[in-house]
Amino acid sequence: MDADASGDGTRERERSGGGASTAAGVFADGGRPEWYRDAVVYSLDVKTFRDSDGDGWGDVRGVIDRLDYLDDLGVDCLWLRPFYPSPLRDNGYDVADYRDVDDRLGSLDDFDALVDELDERGMRLITDLVLNHTSIDHEWFQRAREDPESEYHDYYLWTSHVEEAYHTENIFPEFEDGVWSYDETAGKHYFHQFYWHQPDLNVANPAVQEELFSIAEFWLDRGVDGFRIDAAHPMILPKGHDAHRLEDPQGLFRELKRRVRAVNDEAVLLAEADDEPDRLDFYFADGEGFDALFNFVGNSHVTYGIGVEDVWPLYRMFEVLPEPDPDGHAWWANFLRNHDEWNLLKLPHEALEHAREEFRQGGDGRDSWIFGRGHRLRLADLYDGDHDRIAMAHSLLLSLPGTPIVNSGDEIGMHADLDLPERQAVRTPMRWDGSEPNAGFSEADPGDLVIPVDGTGWPGVYQADVASQRGVEGSLFERVADAVRARRDSPAVSRGEFSIVHTDPTEVWAHRFDREGRALLCVHNFSGEPREVVVGFDVDPADAERVLGDADYRVADGGVTASLDGCGYLWLRGERR
Ligand code: NOJ
């Protein structure tokens, strides 16, 4: 479709049939919906965002109630983490029914109301799709374990000879010994790469594939604009007794995309594929696979570089990643933190070791280090609650090539609560105001909350909340909102030609985008101290325009001299000479 046709934020509610998306036509013209490349995504968990009915659980109505807040922030796409019926042993990534809303969080009617509200505001919606595994509570697994003759038995991977079976390390190593657990009812072991209660689906089974496609169609018919595909890498790893691999994983991606686009020709597939950098291209399948991949390399390198005040990790990131290309198929979903551990595995070994100790927090038996690979800390913890640094990090995030994802709560500098188990530490409810006892999240008794509101421990730590920042000039929230607006006002970031601009101080990072004779220059000071930099900028001084940041600057002689405060940043644009 025409790149700009979707730029006005409107979209159709009725999409079934998807006109141009015939099997042959889906990819014929490069057929890529552009909207996701211009979008600013906000990731939230319904159950911890806002409780509208006072039962202690955030709910879909609560999200609807707070859309004005998201409008103020300026984001234009929501990514909802799993809200499906679930025993919540893995925060909802253990799905018991793919076609419903957990009744503690609302109903399908509420979901439809949310889609309508988002439509009215020109906002998009992406939901999480967990294709690698189900909960043991899912009806498929119940039937599979009860009857080996049932068609559902082959939805999963079993062995009666576990000693001879394929073994590999579990993804949650300190919680699980391996990838096989015994099921009393079936009298066999089943395969699971994640927790024991998340049996892997046998995705090589065509019947399973068909189920997964039709689940995607179900949500597209309800109006979602795309999916975050959970665990896309484990999905294609060897599975089961014989370490069986999908014969043609790209064929599966292609077929998923074909089915999805046949319902909604603007739908996007965003994959959580935390694979090695030289294997990432595979997931794009030459433009016929996933539209974008979460940038795990970027996440470890950018967040670490800002934390240690050095830009070398950014140089390395751009060296090892396939190039983001406005005309090509490789595209990143960038993020500073997410709802899991801050995974450092993509850093070089020495930097990983350094990050493990440098950013470690805890004591009294609490430790932020988890799974042997990351910290269960939020951005505000990594940067010692320094709002200047958090704001600068968001400015950089929003200026990098790729689609930026803001992690709910980071825009106000919420902290982790290490008293909570596992990754719950970084998933405490949104703090809307400073009120006791639930910070505006819920009217329920604190003991009834789905996850406790953080606000107790941490003496001396500023407890962020929305009310004290929204509309307050210079607050972290307003600075992040300014950066979101700057990004939405700068299509060059998603459409322009990216290049790194070399600068002298090792704490200052500069990059630019060129598009249609104009340049956009973005400069970020990782140091906490002021830095003056001179950077090449071939723009007519009279035409140079400030897009973001309050640094003093002077454009002259083909360059710009910028005086950046500690953690200062500056975006400038203008017509090239
Ligand atoms: C990735 C999700 O982000 C994480 O929270 C979950 O535990 C695993 N996938 C398993 O679904």
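1. A polar contact here is a pair of N or O atoms within 3.5 Å; within protein, one must be able to donate a hydrogen and the other to accept it, and residues adjacent in sequence count only if both atoms are side-chain atoms. By that rule, an oxygen atom of the ligand lies 2.8 Å from an N or O atom in the side chain of His 339. Asp 340 brings a polar side-chain atom to 2.5 Å from a ligand oxygen. For Arg 228, the distance from a polar side-chain atom to an oxygen of the ligand is 3.2 Å.

2. Some ground rules. This is a predicted model, in which local features need pLDDT of at least 70 and side-chain atom pairs count only at pLDDT 80 or more, while totals for chains, interfaces and linings use all residues. Numbering runs from 1 along each chain as its sequence is written, and side-chain values use heavy atoms, with hydrogens and water left out.

3. Which residues surround the ligand? Near it (a heavy atom within 4 Å) are Asp 90, Tyr 93, His 133, Phe 172, Phe 194, Arg 228, Asp 230, Glu 272, His 339, Asp 340, Arg 423 and Arg 427. By class, this shell has seven charged, three nonpolar and two polar residues. The classes are: Ala, Val, Leu, Ile, Met, Phe, Trp, Tyr, Cys and Pro nonpolar; Asp, Glu, Lys and Arg charged; the others, Gly among them, polar.

4. The ligand sits in the largest pocket, meaning that more than half of its atoms lie within 2 Å of the pocket's grid points. A pocket is an open set of points on a 1 Å grid over the protein atoms alone, with protein on both sides within 12 Å along at least five of seven lines; a cavity is a set where a 1.4 Å probe fits but cannot get out; lining residues have an atom within 4 Å of a point.

5. Helices (H or I, at least four residues) and strands (E, at least two) are DSSP runs, numbered from the N terminus. The pocket lining divides into 15 nonpolar, 14 charged and nine polar residues.

6. There are eight cavities of 30 Å³ or more. The largest cavity has a volume of about 80 Å³. Of its 14 lining residues, Thr 48, Arg 81, Arg 378, Ser 408 and Thr 428 lie nearest its centre. Six of the lining residues are nonpolar, four polar and four charged.

7. The second largest cavity holds about 70 Å³. Its lining has eight nonpolar residues, one polar and one charged. Strand S8 (residues 268-271) gives the most, with three residues. Others in the lining include Tyr 36, Ile 126, Asp 291 and Thr 403.

8. Two backbone points to check. Glu 436 and Pro 437 are joined by a cis peptide bond, with omega about -5°. Pro 437 is in the loop between strand S16 (403-407) and helix H15 (476-488). Asp 286, a residue other than glycine, has a positive phi near 55°.

Terms used: Points joined across faces, edges and corners; volume = space filled by probe spheres on them.
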